[in-house]
Amino acid sequence: MVITPHRLARVPGVVIRGVVGLVYPPSCIACGAATAVPHALCAACWHEMRFIERPYCERLGTPFSVDLGSPGLLSPAALADPPVYQRARAVARYDATARRLVQRLKYEDRLDLAGAMGAMMARAGAELLAEADLAVPVPLWRWRLWRRRFNQAALLARTATRGSGVPMAPELLARVRRTRQQVGLTRAARAENLQGAFRVPDAARPRLLGKRVLLVDDVLTTGATANAAARALLRGGAAAVDVLVFARVVSDGRDVV
């Protein structure tokens with residue numbers, strides 16, 4: 001029997017998904033091992049993920065090594081060098097499985113991973129989403145966007161905000177200066193590299209005025225990019241800026257107690 005589009009349309013969705021599952025069995029989004037359900041992590045990769053959960057610094061989102069029993073505590077790093085943004089939240093530490101997921105999304109064009117990663121970000125940043133007026137992805141320099149063909153921060157922002165009612169507003173922040181790759185730069189060099197890199201377009205200022213912005217990116221390293229972008233948003237009229245990322249670098253010797 002020939003399967004025509006008309007006949008295929010009458011096949012129940014569960015049957016179609018079952019056939020697809022036989023031909024393309026679900027696999028781990030990080031390592032490719034077999035999984036029971038699609039778009040998920042296998043047991044080994046889930047065990048490798050170092051999720052960031054409370055207790056953590058309420059400003060930086062970096063985990064404390066012990067539960068001090070008092071909510072709302074700040075880390076020594078947050079007290080010594082407060083960031084421009086108000087709060088940062090991340091799904092996991094940037095190592096092992098989390099690094100593999102970010103690199104597959106960014107460098108292997110695995111755009112399908114954004115759905116699962118964004119869903120995890122929505123859970124990690126639920127309190128930020130509940131208070132946000134707008135979500136703004138960290139923009140790429142136009143030539144880098146042209147070469148890559150997509151902005152991973154925008155993909156993650158779109159999936160992380162899905163169902164939250166928080167509108168996406170990528171037009172509120174522009175990358176107006178080309179910068180060097182941040183990889184390999186010191187903390188001070190990263191900050192200097194990003195000076196003047198972001199700007200709120202004049203036409204976007206009325207929409208931004210007085211709003212609480214959720215700035216979205218894939219990774220938070222030293223915080224230089226988040227600080228530079230948040231500073232531009234605040235200068236453009238935002239009332240406050242929070243940051244939501246998939247993974248963040250945690251230096252146990254400096255950021256946690």
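How many bridges join strand 2 to strand 5? In this predicted model, 4 bridges join the two strands, and the strands run parallel. This report begins with the chain as a whole, then turns to the sheet and finally to the cavity.

**The chain**

The protein chain has 257 residues, of which 47% count as buried. Its secondary structure comes to 13 helices and 6 strands. Among the contacts between residues at least 6 apart in sequence, 72% join residues that are at least 24 apart.

Four of the strands form an open sheet in the order 1-6-5-2, and their pairing is parallel. Strand 1 (88-93) and strand 2 (134-137) are the edge strands, each of which pairs on one side only. On average, neighbouring strands of this sheet are turned by 20 degrees against each other, with direction ignored.

| Strand pair | Sense | Bridges | A pair of bridge partners |
|---|---|---|---|
| Strand 1 and strand 6 | parallel | 5 bridges | Ala90 and Val245 |
| Strand 2 and strand 5 | parallel | 4 bridges | Val136 and Leu215 |

Within its pairing with strand 5, Val136 has Leu215 as its bridge partner.

Are the residues on the two faces of strand 2 buried or exposed? In a regular strand the side chains alternate between the two faces of the sheet. Leu134 and Val136 lie on one side of strand 2, while Ala135 and Pro137 lie on the other. Being buried here means having under 20% relative accessible area.

**The cavity**

A search of the whole structure finds 1 cavity of 30 Å³ or more. The largest cavity holds about 40 Å³ of space.

Which residues line the largest cavity? They are Trp141, Trp143, Arg144, Arg147 and Arg178. By class, this lining divides into 2 nonpolar residues, no polar residues and 3 charged residues. The tryptophans, Trp141 and Trp143, count as nonpolar, and the arginines, Arg144, Arg147 and Arg178, count as charged.

Definitions and conventions:
Residues numbered from 1 in each chain as written. Predicted model: local features only at pLDDT ≥ 70, side-chain atom pairs only at ≥ 80, totals over all residues. Heavy atoms only, no water. Pairing = 2+ DSSP bridges. Axes fitted to C-alpha atoms, helices over the stretch in contact; angles between N-to-C directions. 1 Å grid on protein atoms, 1.4 Å probe; cavity = no way out; pocket = protein on both sides within 12 Å on 5 of 7 lines; lining within 4 Å. Points joined across faces, edges and corners; volume = space filled by probe spheres on them. Buried < 20%, exposed > 50% of the residue type's maximum accessible area, 1.4 Å probe, protein only. Contact = heavy atoms within 4.5 Å.
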